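Please find below a colleague's note on the model. It is set out as numbered points.

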Amino acid sequence: FIFPHSILYCFQFILFMTIGTNLYLLYAGVISKNKAILWIGVSLGSFIYVCPPDSKVGYLVAFLVFLSCYVARDSFNGGTITSFFAKISYPMYVVHALFGYVTMWYMINLGLNTYVALILQILMTISISYLMHLYVEIPSQKYGKIASDFITGRRKVIPASMAVS
C-alpha cells in the first residue's frame with residue numbers, strides 16, 4: 001500500500017455503497033438528477049481510483065447491472081422470491097463476505113468438494129441473513145422509527161412507569 005491508497009483502500013466499499021445510496025435519494029426525491037449524477041460520478045471515480053486492478057471490471061459490471069435495474073425499475077414486477085431476497089439483502093451483504101470466505105475455507109480444508117462447500121455456504125448465508133432480518137433488522141427498524149419520531153417531535157415517548165393503563 002502506498003499513500004494515499006493505504007487510507008483510501010479502507011473506504012472503497014463505502015464509496016461503492018454511496019452509489020446505491022444516491023440512487024435511492026434520487027428515487028425518493030431527496031436530491032435532483034444532476035446532484036445524483038455528480039455524486040455517483042464522484043463516488044464511482046473515487047472507487048475506481050482506490051480499487052485493486054483485478055477487481056475493477058467486476059465492480060464496473062455490478063455497477064452497470066445495478067444502474068440498468070434502476071433505470072428499468074418500472075419494468076420489474078417482483079414476485080415472492082425477489083421480495084424475499086430484497087428483504088434480506090442488507091443482512092446478506094453483511095454476512096456473505098467474511099463469513100462466506102472463512103467457512104468455505106474451513107469446509108474445503110476439511111476435504112469437502114468445492115462446489116458442495118459453495119452450495120452449503122449459500123444456504124447458510126441465506127439462512128443466517130433471514131434470521132438476522134427477523135431478529136435484528138426488523139426490531140432495529142421499529143426502535144429506530146420510534147427514536148426518529150421522538151427526536152423530530154412526531155411522537156412522545158412515555159416511560160412505562162409513567163404510562164396510565
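1. Basis of the note. This is a predicted model, in which local features need pLDDT of at least 70 and side-chain atom pairs count only at pLDDT 80 or more, while totals for chains, interfaces and linings use all residues. Residues are numbered from 1 along each chain as its sequence is written, and side-chain values use heavy atoms, with hydrogens and water left out.

2. Fold. The protein chain contains seven helices and zero strands, which gives the pattern α-α-α-α-α-α-α along the sequence. Helices (H or I, at least four residues) and strands (E, at least two) are DSSP runs, numbered from the N terminus. Among contacts (heavy atoms within 4.5 Å) in the protein chain with a separation of 6 or more, 57% join residues 24 or more positions apart.

3. Surface and burial. The accessible surface of the protein chain is about 12400 Å², and carbon and sulfur atoms hold 71% of this area; the Shrake-Rupley method with a 1.4 Å probe was used. Of the 165 residues, 19% are buried, where buried means under 20% relative accessible area, exposed over 50%, and partly exposed in between (1.4 Å probe, protein chains only).

4. Largest pocket. The largest pocket holds about 1400 Å³ of space. Its lining comprises 29 residues, of which Phe16, Gly20, Phe66, Ser89 and Tyr93 are the closest to its centre. A pocket is an open set of points on a 1 Å grid over the protein atoms alone where a 1.4 Å probe fits, with protein on both sides within 12 Å along at least five of seven lines; lining residues have an atom within 4 Å of a point. The volume is the space filled by probe spheres set on the points, which are joined across faces, edges and corners.

5. Pocket lining. Two or more lining residues come from each of α2 (12-27), α4 (53-71), α5 (80-87) and α6 (89-109), and α2 gives the most, with eight residues. The lining divides into 22 nonpolar, four polar and three charged residues. Here Ala, Val, Leu, Ile, Met, Phe, Trp, Tyr, Cys and Pro count as nonpolar, Asp, Glu, Lys and Arg as charged, and the others, Gly among them, as polar.

6. Cysteines. The structure has zero disulfides (pairs of cysteine sulfur atoms within 2.5 Å). Cys51 is buried at 3% relative accessible area, whereas Cys69 is partly exposed at 34%.

7. His133. This residue belongs to helix α7 (residues 114-152). His133 is buried because its relative accessible area is 10%. Leaving aside residues up to four places away in sequence, His133 touches Lys87, Ile88, Pro91, Ile138 and Pro139.
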